[in-house]
Protein chains: 2
Amino acid sequence: MEERKVNIAGTRSGIVADLQPSMDRSAIVRKLGAIALLSQEEMDFLEGLQNNTLLVERGTDFIVDGDDLKTTFIIMEGWTTRYIMLPSGRRQILSYALPGDILGLHVNFRSKATYTAAALTDCKIAVVDPRRIIEISQKFPILASGLSWCTAREFAILGDQAVRLGRLGAQQRIAHLLLELRSRMRLIGEIEGEWLDFPMTQADLADTLGLSIVHVNRQLMDLRQRKIITLKKDYVHLDDVDALSEMSHFDFEHLAEFQI
Amino acid sequence: MEERKVNIAGTRSGIVADLQPSMDRSAIVRKLGAIALLSQEEMDFLEGLQNNTLLVERGTDFIVDGDDLKTTFIIMEGWTTRYIMLPSGRRQILSYALPGDILGLHVNFRSKATYTAAALTDCKIAVVDPRRIIEISQKFPILASGLSWCTAREFAILGDQAVRLGRLGAQQRIAHLLLELRSRMRLIGEIEGEWLDFPMTQADLADTLGLSIVHVNRQLMDLRQRKIITLKKDYVHLDDVDALSEMSHFDFEHLAEFQI
DNA sequence: TTTACATATTATCATAGTTTAGTCTAACTC
DNA sequence: GAGTTAGACTAAACTATGATAATATGTAAA
């Protein structure tokens, strides 16, 4: 396996890392391994966490807003959404959970879900007893720190989502989201060139970005005509990352892995 | 001190608790004490955490986006905002941190702030060594669980903020935010009748709700004319909570203290 | 009290985005 | 191979909200 230098922080900062995620590891090991050197024991523990897996079909809700939430989920393969459904039938997608992401990391004695989570593609998801999360904070300080980092990162992602919804125009929102997903997919090594998984429909995008389907379509068309992105079924290619970056004011630092 | 029954979950659910926050305790003790019976030792530890205090003047940034974040802050008195400033000069307020709220709970080895935090009023803020947070998870399981609950709650608050920005109209957003703040102030016992602290300017509100100042003003005027709210300098009175609730689809369960 | 500044209020006009109501295509089912 | 469905795309009419600018009010400082 060749070693490769990867510019992980995007175009603006020139931070370079030499950690290459090996794809035979599970996504969460690749993710945490990208920010800290993990021992064999730590990696084995993480893999062991994911013994109890669940196959969730595309379109299925596996966490439901208001229901008791007693388990922690680790996404192993596939994309999921976290969303809130309003009584009016309108939907707001809060964020996407990608491979290596954790849902319900902070379940406690008697917690109820404050969102619904659904599989956007067929997914492989690990079901974890939250007591094992507590075990981590007792026995594995590095991993505990990694989980803390994951939490802070989730907050950053949600914060960026608020910026998109509150202070960016329609096309900027799309560009900004694409750059977020690019940063996140890079971290887990699931990006080839500038080709990115893109399993969501335009209706999903609309519900993510607070727009109508029609308007998402218009802006997507415009981005394509201006050769900034290329769409293929289930994939998007970022032809012009600089243009996306400039138009959206995306802050790469918010999701930079190595914060030096 | 008389014991009083308080309906804490809002209008829809009839959940009743008999825990009355005693105002001689610090806000975070009132907050965690409202969800779990704390021992004297636990309360003392929490109070001890807050020995190192900081007085922050209204308008001052005490956490800056991009700067190293090595400490945890507990808001003791006053209101603060977390916001992101775009290169264009536009600002998005992500959330308000009220007394008893924690900022930087998930700082780790080398983390940088992904938002700026500013005092909205003069504030008293405790500066806490993050190692003491780790100490909590080792020694005080109830408190650790309480912090986990705080984290989940912060996610719920941010999720609701995304719903406001993405899927509600201008007036709905205002109503929704008011109900959120009401729920949160109730928890720490800082609400009298339906009078609520309201230290933010209309410009702050605009930057919170993704609207222009003028439009915030228009909608605020309309709510006042329809006798749904009353404004006084630094305070708002919710004249018609049911109307606010119905128009905004606010989900009280997301911030309900006791999740039975 | 006067001044100054920040905040709130009102009006007018421009526009980004929504709504509705379609068409078209590819994929799936019977 | 016809019927069905989900998703992508288009057009026109409409509306909520933004931008700008001018006035008014409140609050703190002198």
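**Reading the model**

Reply: Let us begin with the surface near the DNA. α7(A) gives the most to the surface near DNA strand D, with four residues. Please bear in mind throughout that this is a predicted model.

Me: Let us turn to the protein chains. How many residues of chain B are in contact with chain A?

Reply: On chain B, 37 residues are in contact with 37 residues of chain A. On the side of chain B that touches chain A, β7 (91-97) and α4 (141-167) of chain B each supply at least two residues. The largest share, 14 residues, belongs to α4(B). By class, this side of chain B divides into 14 nonpolar, 18 polar and five charged residues.

Me: What rotation superposes chain B on chain A?

Reply: A rotation of 180 degrees, with 0.0 Å of shift along its axis, places chain B on chain A with an RMSD of 0.0 Å. This is the relation of a two-fold axis. The same surface serves both copies, since 100% of the contact residues of chain B recur in chain A.

Me: How should I judge the overall form of chain A?

Reply: One compares the radius of gyration with the value for a compact globule of equal length. For 260 residues that value would be near 18 Å, and chain A has 18 Å, which agrees. Its C-alpha trace spans about 50 × 50 × 30 Å along the principal axes. Of the 260 residues of chain A, 49% count as buried.

Me: What is the order of the strands in the open sheet of four strands in chain A?

Reply: The order is β3-β10-β5-β8 in chain A, with antiparallel pairing. An edge strand pairs on one side only, and here the edge strands are β3 (53-56) and β8 (102-103) of chain A. Within the sheet, β5 (residues 72-77) and β10 (residues 123-128) of chain A run antiparallel and are joined by five bridges. To follow one residue across, take F73(A): its bridge partner in β10(A) is V127(A).

Me: Finally, a single residue. Is G59(B) buried or exposed?

Reply: One counts the other C-beta atoms within 10 Å, and 12 or fewer means exposed. G59(B) has 10 such atoms, so G59(B) is exposed. G59(B) lies in the loop between β3 (53-56) and β4 (61-63) of chain B.

Me: Which residues does G59(B) touch, not counting those up to four places away in sequence?

Reply: G59(B) touches A118(B) and A119(B). By contrast, take the pair G59(B) and E192(B): they are 133 residues apart in sequence and 26 Å apart in space, C-alpha to C-alpha.

Key. Residues are numbered from 1 along each chain as its sequence is written. Chains are lettered from A and ligands numbered from 1 in the order in which they are written. This is a predicted model: local features need pLDDT of at least 70, side-chain atom pairs count only at pLDDT 80 or more; totals for chains, interfaces and linings use all residues. Two residues are in contact if their C-beta atoms, placed from the backbone, lie within 7 Å. Ala, Val, Leu, Ile, Met, Phe, Trp, Tyr, Cys and Pro count as nonpolar, Asp, Glu, Lys and Arg as charged, and the others, Gly among them, as polar. Two strands pair if DSSP finds at least two bridges between them. A residue is buried if 20 or more other C-beta atoms lie within 10 Å of its own, exposed if 12 or fewer, and partly exposed in between; C-beta atoms are placed from the backbone. The radius of gyration is taken over C-alpha atoms; the globule rule is 2.2 Å times the number of residues to the power 0.38. Copies are superposed by least squares on the C-alpha atoms of residues with pLDDT of at least 70 in both.
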